Amino acid sequence: MSTDTTYGRIVNHPRYAELVGRRKRLAWLLAGCTLGVFFSFVLIIAFSPSILATPVSASGVTTIAVPIGVAMIAYFWILTGIYVRRASRDFDGLTDQIIREALK
Amino acid sequence: MKGRLLQSVGALILAAVTGLAFAAPESKGQTANIPAIAMFLLFVGITLGITYWAAKRTKTASDYYAAGGGITGTQNGFAIAGDLLSAATLLGISSLIYAKGYDGFLYCLCLIVAFPMILFIMAERLRNLGRYTFADVTSFRLSQRPVRTTAAISSLTVVIFYLIAQMVGAGQVIKLLFGIEYWIAVVAVGVLMVIYVTFGGMLATTWVQIVKAVLLILGGTVVALLAFSKFGFSFETLASKAVAVHKDGIKILAPGVMFADPVSAVSLALGMVFGTAGLPHILMRFFTVPNAVESRKSAFVATGLMGFFFLMIGLIGLSAVVLVGTDPQYFEGGTIGGKLLGGGNMPSMHLAHAVGGNLLLGFMAAVAFATILAVVSGLALAGASAISHDIYANAIKKGTATEQEEIRVSKTASLGLGILAVVLGIMFEKHNLAFLSGLTLGIAASANFPVLILSMYWKGLTTRGAVLGGLAGLISALALVVCSKAVWVTVLGNPAPLFPYEQPALFSMPLAFFIAWLASVLDTSESAARERAAFAEQDVLAETGYHRKAGQPVAQH
């Protein structure tokens with residue numbers, strides 16, 4: 001395999017490590033937030049579902065499972081929104097800059 | 001010539017379906033729904049128009065497999081949501097909520113989690129490394145022939161099982177809603193699917209999926225809101241009425257017995273989350289956008305659309321408890337609490353009738369048919385691509401096949417898959433296929449996902465690890481499902497299951513990871529060393545996608 005010179009220049013670009021590191025931290029942080037909440041919920045269902053049967057108010061029948069379910073859907077969508085925003089703001093410009101300078 | 005052929009085939013289909021529409025009222029036991037048939041014919045007409053338009057624009061392999069990379073992030077988001085929102089979601093999950101309450105809603109939550117995960121750890125890398133199939137990514141720095149062959153085998157297994165489930169569901173639903181014979185329904189789905197895929201490739205398949213996703217979300221919202229209006233848009237009113245009339249009472253508002261066993265619950269959740277992230281027809285969608293920016297956007301749009309639709313499905317299922325479950329006209333013999341007309345999958349359709357009369361029922365029936373068509377087309381294209389791009393062009397011809405040869409093989413393969421799907425769909429008409437959904441997701445989670453994730457993130461993965469890990473996932477997932485109650489007892493008639501749980505993923509997915517790791521670290525061959533060394537460059541490509549921006553060809557080793 002020949003050493004691609006563009007590849008070498010990108011790896012050695014002073015800001016490449018920063019790009020990779022920041023994106024990795026963001027992606028795994030958000031993935032952790034997603035799976036952490038989701039599997040906590042699954043484990044509550046598996047081991048102690050009665051917690052979720054608690055009514056929201058003393059007079060009504062709606063359980064806290066309902067708003068929690070809706071909130072989880074909203075939460076997952078918001079996390080994807082955060083990633084898309086952060087990635088567009090922080091990573092795309094940086095990536096373009098690194099590629100541009102490496103191709104020079 | 002292609003255009004004329006398409007037109008004539010289209011005319012044939014239209015004639016056949018119109019003929020059915022007139023013949024239908026005579027078929028015994030079911031009544032044909034004229035608005036449904038009219039709206040379905042309109043959908044078929046529109047999609048054949050799309051296919052004709054797409055066929056003229058589909059020339060190269062990139063056009064055929066990936067719509068030339070010209071789908072925008074928003075369009076792709078609709079298409080991805082459309083792929084996941086199958087008839088099983090519209091009919092199956094709403095009927096689960098109708099029957100079991102909150103437990104049914106849990107399926108929605110499991111399905112939606114997959115998309116943030118795909119976005120955070122897969123979407124950009126897939127786009128930067130792959131061209132047409134996910135095996136492009138797994139085989140990027142590994143030996144083409146064995147890795148692609150393994151990936152194609154597991155893709156085809158997933159696609160064929162998924163197709164059977166959709167075909168059987170299609171036949172039953174269409175038979176009921178349109179009053180036509182089961183086999184005619186299955187053949188019609190098969191023929192239309194083959195037309196979309198062979199003539200229009202990914203461009204037609206994507207737009208059929210987008211049109212259907214818009215119709216499905218629109219129709220679902222109308223039904224949900226009309227139903228919700230009967231309760232003054234108050235969830236508490238709806239919930240208290242549902243609790244009052246449902247045989248399980250207050251229990252329907254909280255998780256119940258379906259997820260009571262911790263092992264099964266975790267296994268199901270794992271299988272659904274990572275299985276969705278390993279479905280070949282979903283992964284393929286990330287290759288239809290021009291760059292990583294658009295691929296991120298598609299995951300965001302898909303998550304939002306699915307989340308919204310799942311909330312509507314929740315309202316539909318719960319409203320049906322009150323509006324369908326207490327109305328004798330929806331039960332066989334008019335006995336409330338007896339068998340629902342048309343079977344257990346029908347609450348959402350009956351609800352459409354209850355809140356919007358025959359017109360809305362007709363619309364939703366047409367949407368259900370459209371949904372099945374769009375989903376099977378995506379599946380067929382993914383299966384055909386595995387055969388033509390992975391097996392034929394790369395494993396057999398080792399990259400020497402011309403684009404036209406590759407496309408021809410793909411079209412032949414989709415015809416073959418269409419025939420296979422129709423034959424299997426007719427063969428399995430009377431079988432209980434409930435286990436298939438667990439099986440397909442279990443296989444995708446075990447055979448595809450581990451190898452894909454390791455190939456992108458772990459330097460140490462070698463060809464041997466990818467092949468043995470993939471096979472271990474595939475075989476163990478298959479074996480565990482065969483030994484579980486759904487197949488061993490229900491289908492094969494044995495007294496007790498060999499494997500006590502319903503879902504394989506908790507066991508087969510870690511096994512696949514372990515075998516892939518073990519086989520890789522034990523691999524001391526020279527080629528393995530080369531593959532490990534090639535990771536550094538692959539990783540830079542995955543991080544930046546510079547080879548695309550610079551207009552350089554993709555490096556293939």
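## A tour of chain B

Two residues are in contact if their C-beta atoms, placed from the backbone, lie within 7 Å. This is a predicted model, where local features need pLDDT of at least 70, side-chain atom pairs count only at pLDDT 80 or more, and totals for chains, interfaces and linings use all residues. Residues are numbered from 1 along each chain as its sequence is written, while chains are lettered from A and ligands numbered from 1 in the order in which they are written.

**Whole chain.** Colour chain B by secondary structure. You will find 22 helices and zero strands. Helices (H or I, at least four residues) and strands (E, at least two) are DSSP runs, numbered from the N terminus. Along its principal axes, the C-alpha trace of chain B spans about 75 × 60 × 45 Å. Of its 557 residues, 63% count as buried. Buried means that 20 or more other C-beta atoms lie within 10 Å of the residue's own, with C-beta atoms placed from the backbone.

**The core.** Next, select B:Val189 and B:Ala368. These residues have the most contacts inside the largest nonpolar core, which has 242 residues. A nonpolar core is a set of buried Ala, Val, Leu, Ile, Met, Phe, Trp, Tyr and Cys residues joined through C-beta atoms within 7 Å. Helix α14 (residues 347-396) of chain B gives the most to this core, with 31 residues. Now stay on B:Val189. Which residues is B:Val189 in contact with, leaving aside its neighbours within four places in sequence? They are B:Met167, B:Ala170, B:Ile372, B:Leu373 and B:Val376.

Select α14(B). Of its 50 residues, 45 are buried. Its end C-alpha atoms are only 49 Å apart, short of the 74 Å that a straight helix would reach at 1.5 Å a residue. That expected span is 1.5 Å times one less than the number of residues. Zoom in on B:Gly356, where a kink of about 140 degrees is centred. The bend at a residue is the angle between axes fitted to the seven residues ending there and the seven starting there. After α14(B) comes B:Lys398, with a positive phi near 50 degrees.

**A helix to compare.** Move to α17 (residues 463-483) of chain B. Its 21 residues should span 30 Å, and its end C-alpha atoms are 30 Å apart, which agrees. In α17(B), 16 of the 21 residues are buried, so this helix is largely enclosed by the rest of the structure.

**The partner.** Finally, show chain A. 44 residues of chain B are in contact with 44 residues of chain A. On the chain B side, α6(B) gives the most, with 11 residues.

How values were computed:
Buried ≥ 20, exposed ≤ 12 C-beta atoms within 10 Å, placed from the backbone.
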